[in-house]
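Colleague: Please show me the model. I want to ask about the terms used for it, one by one.

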Amino acid sequence: MIGLVFIGIVFMVIGSLISSRLKSKFAQYSQVGLSNGLSGEEIARKMLNDNGIYDVKITQVDGQLTDHYNPLDKTVNLSSDVYHGRSAASAAVAAHEVGHAVQHANAYAALKMRSAMVPAVNIASRVMGMANMFLMFGGIALISQNNPVGNTLLMVLIVANLALALFALITLPVEFDASKRALNWMETRNVVSQREHAMAKDALKWAAMTYVVGAAAAMANLLYFVMIFLGRRDD
């Protein structure tokens, strides 16, 4: 159990540092007004139109950095700061989310795979939620035992963590590709100046790092339970 707690603490600290850096960058670049004066909503609409996408809605959602694209109802959901913002930061986030809409329209393989995994990941997340409580009250000792009950519980944990790890890994190319599409579009369409483009690129880099940390944490958890399994086989 100490090993699992250690993994959780390490990645919680790293994730917190990355998240803090991302918020700092967003706040910094939110102070830099776009030379074209466009809002995040207008940036998103322009990118959609330039890609021939007219069936995607742009909506405003509550919260900070809660921006996302929903492929189920084809909506680009922008936080208030991004929707109304006229800065390098809002342009970067808005274009990134439209990047996902472009992926969807082009049937981008990684996005299709990620969407197909959602039901399994939801189940895995619920399993791990219950498992964490179980592990806190002596469950590690039980799954460490080479008996039918311990074997079954350990395999359930491995399968659940495998689903979560695969989902986190497939998310990486989806997020990196969306940022690449956003940055390429902003550059080729001269939507931002060279200075603004550099800021947008930096902001999206730190946003991507949050997914990298998440994937690393998911892999670490999976390897932890795999090592328990392999250790028992050696006994």
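Predicted model: local features only at pLDDT ≥ 70, side-chain atom pairs only at ≥ 80, totals over all residues.

Colleague: Why is Ser 87 called buried?

Modeller: Buried means under 20% relative accessible area, exposed means over 50%, and partly exposed is in between (1.4 Å probe, protein chains only). Ser 87 has 5% relative accessibility, so Ser 87 counts as buried. Ser 87 sits in the loop between H3 and H4. 

Colleague: What does Ser 87 contact, leaving aside its neighbours within four places in sequence?

Modeller: Contact means heavy atoms within 4.5 Å. With those neighbours left aside, Ser 87 is in contact with Tyr 29, Ser 30, Val 32, Gly 33 and Leu 34.

Colleague: Is Gly 85 buried or exposed, and how do you know?

Modeller: Gly 85 has a relative accessible area of 14%, so Gly 85 is buried. Gly 85 is also found in the loop between H3 and H4. Leaving aside neighbours within four places in sequence, its contacts are Leu 38, Ser 39, Gly 40, Ser 80 and Ser 90.

Colleague: What makes Ala 207 partly exposed?

Modeller: Ala 207 has a relative accessible area of 22%, so Ala 207 falls in the partly exposed class. Ala 207 is in helix H7. Its C-alpha atom is separated by 9.7 Å from that of Phe 176, 31 residues apart along the chain.

Colleague: How much of the protein chain counts as buried?

Modeller: Of its 235 residues, 43% count as buried. Among contacts with a separation of 6 or more, residues 24 or more positions apart account for 74%.

Colleague: What makes a set of residues a nonpolar core?

Modeller: The set holds buried Ala, Val, Leu, Ile, Met, Phe, Trp, Tyr and Cys residues joined through side-chain atoms within 4.5 Å. The largest nonpolar core has 36 residues, of which Ile 43, Val 76, Leu 78 and Met 186 touch the most other members. Helix H1 (2-29), helix H2 (40-50), strand E3 (75-79), helix H3 (80-84), helix H4 (88-105), helix H6 (148-188) and helix H7 (194-234) each supply at least two residues. H4 gives the most, with 10 residues. A second, separate core has 19 residues, including Ala 160, Ala 163, Ala 220 and Leu 222.

Colleague: Which residues does Val 76 touch, not counting residues up to four places away in sequence?

Modeller: Val 76 touches Val 56, Lys 57, Ile 58, Thr 59, His 68, Tyr 69, Glu 97, Val 98 and Ala 101.

Colleague: Which residues of H2 are buried, and how do you know whether they share a side?

Modeller: The buried residues of H2 are Gly 40, Ile 43, Ala 44, Met 47 and Leu 48. They cover an arc of only 130 degrees around the axis, so they are on the same side of H2. The arc is that of the directions from the helix axis to the C-beta atoms.

Colleague: What is the phi of Lys 74, and why is Lys 74 called partly exposed?

Modeller: Phi of Lys 74 is near 50 degrees, a positive value in a residue other than glycine. Lys 74 lies in the loop between E2 and E3. The relative accessible area of Lys 74 is 32%, so Lys 74 is partly exposed.

Colleague: Why does Ala 107 count as partly exposed?

Modeller: Ala 107 has a relative accessible area of 42%, so the label is partly exposed. Ala 107 lies in the loop between H4 and H5.

Conventions. Residues numbered from 1 in each chain as written. Heavy atoms only, no water. Helix = DSSP H or I, 4+ residues; strand = E, 2+ residues; numbered from the N terminus.
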